[in-house]
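Subject: Handover of a structural model

Dear colleague,

Please find the structure below, with its sequence. My findings follow it, arranged by topic.

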There are 2 protein chains.
Amino acid sequence: MKTYLDCYPCFFSQTLKTSRMITSDERKVREILTEISLFLPNISFDATPPEIGREVYRIIAEMTGVNDPYKEIKEKCTRQALSLYPELKKRVHSSKDRLMSAVRVAIAGNVIDFGANADFDLKSDVKTILSQDFAINHYREFCEAIDKAKKILYLADNAGETVFDRLLIEELPKPVIYVVREKPVINDAVREDAIAARIDEKAEIMSSGTDAPGTILNLCSEEFLKVYRSSDLVISKGQGNYEGLSEEDKPIFFLLKAKCQVIARDIGVEYGDIILMKTDKN
Amino acid sequence: MKTYLDCYPCFFSQTLKTSRMITSDERKVREILTEISLFLPNISFDATPPEIGREVYRIIAEMTGVNDPYKEIKEKCTRQALSLYPELKKRVHSSKDRLMSAVRVAIAGNVIDFGANADFDLKSDVKTILSQDFAINHYREFCEAIDKAKKILYLADNAGETVFDRLLIEELPKPVIYVVREKPVINDAVREDAIAARIDEKAEIMSSGTDAPGTILNLCSEEFLKVYRSSDLVISKGQGNYEGLSEEDKPIFFLLKAKCQVIARDIGVEYGDIILMKTDKN
């Protein structure tokens, strides 16, 4: 998905929020906003939002010297999510269709976000999503693809959401490779966030090789690309991965909650909708 | 009130919204966003938001050749407001305290906004405000000031809101001078908007001499400043006028709904609160 002009004000909001998390010096915050102001006019708007987001967060990190401002928030989200795990596990176990129930749980975990939409309440939002209708639901195709697949490439999104992903991975009958970001960016999951969610007990963890807040293939490592190209089923979590892969012609299933108007419009659903959607190019 | 860094993303949102009202050419919209990007780092943040807003809307007008993009919207708002007039008039007439009721009505009209918060529903929002508690209510002082005043200077805010202002002016027992902007900016009321609301039948209409979306004294005409300096009571409607006059040491009563977090915080109330507040410097 290309970047829309609507992303412009959002990049400034994200810069403001993240800079203020790092420093209470408003002069410094203004310097960072100025730098972003001067950077944005030069970008190609053929770029995807995660490519621009990567640069925005790199500028913030460079100007403040803080590379992982969301570290504590990520740890807190993982703890919160782990506290919900037993109840969610019970819910999946007692469902008529355990896989469907686990898909819902995985999408529910996608409410955790500190980029586009940081205004969430984990427990109540998860509860809402668990009984929300899907705006797009390619579940039948999803089941067929799982049947046929030798292994599943699962692209992670945010820390904490990782715990919800684990509940879906535990229901998948094929080997799973769980892909995280190489370096911290916003609250996206890196290897240690996946391990904190105990994903390593159920899946192989690998890095995509990038610090973009999404799977941008031309920024990924050759090692990841080899695995990606050879995989017969990709599960892609969240907005950042959708933004990077929406134009791909591989069988990818996007699991997400549309947390911004721009993405909702790009997909063709309403703001707040949840989807399990197969790429339409295959 | 000085400009806060939180205003930064908002200026971009406003630029985007207004530019898209004028043109569907996204390249043009991007050119305008770029110009705003390059302009904002150079401004003094001692400036008030209306001073910066004035420049932002000037850039949009210059780059598009459209000086009054909100003209039709303003006319529509005035028509909508006029259709509510008979019902509101009846409400004021049947109140125990007609002045208080008219103050409420005037504040209710302040929901009309296409700058900071364009997401309103006139009829239902007005209904809500008519029964909302005041977060700050200096009504006793307001009544005393009216008793003492020879004439009242009433600073208008938006077109359509003008009709609600008329209902308050009709209850004021002293001569009123109703002050509008000199030139169109956003949906702020100019002379013709005041006349469309038939304010001219109840008050003298004068221009502040500025095209800033607020009363910024150093941008006002000498003619207005003479009247302003000699007036013993000022009623100031809306956020833009508050932003320009919040530091003044004259008796000014601010009537507004806090439609953005920054102003709410500056006043010391919650987002969405309504206030009738006297300047505290006198």
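Is the crossing of α5(B) and α6(B) left-handed or right-handed? The crossing of these two helices of chain B is right-handed. Please bear in mind throughout that this is a predicted model.

**Two packed helices in chain B**

A pair of packed helices is described by the angle between the axes and the distance between them. For helix α5 (residues 98-108) and helix α6 (residues 122-130) of chain B, the axes come within 9 Å and cross at roughly 140°. On the α5(B) side, R104(B), I107(B) and A108(B) take part, and they meet V126(B), I129(B) and L130(B) of α6(B). By class, the residues of this contact divide into 5 nonpolar, no polar and 1 charged.

**The overall form of chain A**

Chain A has 12 helices and 7 strands. A compact globule of 282 residues would have a radius of gyration near 19 Å, and the 18 Å of chain A agrees with that expectation. The C-alpha trace of chain A spans about 55 × 40 × 35 Å along its principal axes. Of its 282 residues, 47% count as buried. Among the contacts in chain A with a separation of 6 or more, 71% come from residues 24 or more positions apart.

**The sheet of chain A**

In chain A, 7 strands form an open sheet with mixed pairing, in the order β1-β7-β6-β5-β2-β3-β4. The edges are taken by β1 (134-137) and β4 (204-207) of chain A; each has a single partner strand, so one side of each is left without a neighbour in the sheet. On average, neighbouring strands are turned by 20° against each other, direction ignored.

Helix α5 (residues 98-108) of chain A lies across β5, β6 and β7 (274-278) of chain A, and runs at about 55° to β6(A).

Helix α11 (residues 238-245) of chain A is largely enclosed by the rest of the structure, because 8 of its 8 residues are buried. These buried residues are G238(A), Q239(A), G240(A), N241(A), Y242(A), E243(A), G244(A) and L245(A).

I129(A) lies in helix α6 (residues 122-130) of chain A. Why is I129(A) classed as partly exposed? Its count is 18 other C-beta atoms within 10 Å, and a residue counts as buried with 20 or more and as exposed with 12 or fewer, so a value in between is partly exposed. Leaving aside residues up to four places away in sequence, I129(A) touches R104(A), I107(A), A108(A), V111(A), K257(A) and I274(A). With A108(A), the separation is 21 residues in sequence and 5.5 Å in space, C-alpha to C-alpha.

**The sheet of chain B**

Chain B also has an open sheet of 7 strands, in the order β1-β7-β6-β5-β2-β3-β4 and with mixed pairing. Its edge strands are β1 (134-137) and β4 (204-207) of chain B, each with a single partner strand. The twist from one strand to the next averages 20°.

Strand β5 (residues 234-237) and strand β6 (residues 252-257) of chain B run parallel and are joined by 4 bridges. V234(B) stands opposite I252(B) in β6(B), and I235(B) has F253(B) as its bridge partner there. β6(B) is mostly covered, with 6 of its 6 residues buried. I252(B), F254(B) and L256(B) point one way from the strand, whereas F253(B), L255(B) and K257(B) point the other way.

**The contact between the chains**

How many residues does each chain give to the contact? Chain A gives 17 residues and chain B gives 17 residues. On the side of chain A, the elements that give two or more residues are α1 (7-22) and α2 (26-39), and the largest share, 7 residues, comes from α2(A). The residues on this side divide into 11 nonpolar, 3 polar and 3 charged.

With kind regards

Methods:
Residues are numbered from 1 along each chain as its sequence is written. Chains are lettered from A and ligands numbered from 1 in the order in which they are written. This is a predicted model: local features need pLDDT of at least 70, side-chain atom pairs count only at pLDDT 80 or more; totals for chains, interfaces and linings use all residues. Two strands pair if DSSP finds at least two bridges between them. Axes are lines fitted to C-alpha atoms, for helices over the stretch in contact, and angles run from 0 to 180 degrees between N-to-C directions. The radius of gyration is taken over C-alpha atoms; the globule rule is 2.2 Å times the number of residues to the power 0.38. Two residues are in contact if their C-beta atoms, placed from the backbone, lie within 7 Å. A crossing is left-handed if the near helix is turned anticlockwise from the far one by less than a right angle, and right-handed if clockwise. Ala, Val, Leu, Ile, Met, Phe, Trp, Tyr, Cys and Pro count as nonpolar, Asp, Glu, Lys and Arg as charged, and the others, Gly among them, as polar.
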